[in-house]
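Q: Could you go through this structure with me, a few points at a time?

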Amino acid sequence: MKKYCVLILFFLAATLTVSAQKQKITLDDDTIMVDGQQYGILEKKMGVGFHYTVRSMDGKELMYLLFLEFNDPSEINSANPKGNVPYFEVTFLGSGKKCEIPTATKKGLAKMIVENNLLKGNDVDAEAEKRFILINGTKFSEQKQSLQGPKVIIIEK
């Protein structure tokens with residue numbers, strides 16, 4: 001009986017620990033809020049489709065998310081008759097480095113920024129940026145390039 005009580009207490013403690021660590025991420029207009037505290041600003045660029053900019057709370061522009069898409073015949077189905085493959089190209093403005101992520105809602109983008117700890121104070125966390133780029137890479141550009149086939153260079157003598 002003691003074993004069961006210990007196991008139940010262990011699972012209860014583990015559950016409470018996991019729920020205590022979960023952050024509440026919300027959007028208040030363009031402001032990303034984490035547990036009620038301001039984290040950063042995610043605003044849609046007006047007049048340019050689904051592009052976004054990420055700013056620090058003091059207004060410094062840190063990241064630019066450019067909406068792009070291409071057609072892939074292997075993605076054609078009844079819900080996607082043209083085979084559209086949408087994605088965001090993420091540019092870190094301080095370093096100029098880029099990566100690509102799947103499209104998401106504005107709240108989904110905010111969640112991705114927070115969960116990857118990309119902002120630290122009024123700047124991008126360099127280690128988090130490096131990890132984020134390493135994990136996400138440029139798989140969409142690579143997929144798009146593979147659809148266009150290899151480039152043939154003809155050299156005449």
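A: Just after H2, asparagine 117 takes a positive phi of about 50 degrees. Helices (H or I, at least four residues) and strands (E, at least two) are DSSP runs, numbered from the N terminus. The model is predicted, with local features needing pLDDT of at least 70, side-chain atom pairs counting only at pLDDT 80 or more, and totals for chains, interfaces and linings using all residues. Residues are numbered from 1 along each chain as its sequence is written, and side-chain values use heavy atoms, with hydrogens and water left out.

Q: Which residues of H2 are buried?
A: They are Leu109, Ala110, Met112, Ile113 and Val114. Buried means under 20% relative accessible area, exposed over 50%, and partly exposed in between (1.4 Å probe, protein chains only).

Q: What does isoleucine 113 contact beyond four places in sequence?
A: Isoleucine 113 is in contact with Ile32, Tyr39, Leu42, Val54, Leu118 and Leu119, where contact means heavy atoms within 4.5 Å.

Q: And how many residues are in the largest nonpolar core?
A: That core has 26 residues, and Met63, Leu65, Phe92 and Ile113 have the most contacts inside it. Such a core is a set of buried Ala, Val, Leu, Ile, Met, Phe, Trp, Tyr and Cys residues joined through side-chain atoms within 4.5 Å. H2 provides the largest share of this core, five residues.

Q: Changing topic, where does leucine 147 lie?
A: Leucine 147 lies in helix H4 (residues 139-147). Leucine 147 is partly exposed, at a relative accessible area of 39%.

Q: What does leucine 147 touch, leaving out residues up to four places away?
A: Leucine 147 touches Phe70, Asn71, Asp72 and Pro73. The C-alpha atoms of leucine 147 and phenylalanine 70 are separated by 9.9 Å, and these residues are 77 residues apart along the chain.
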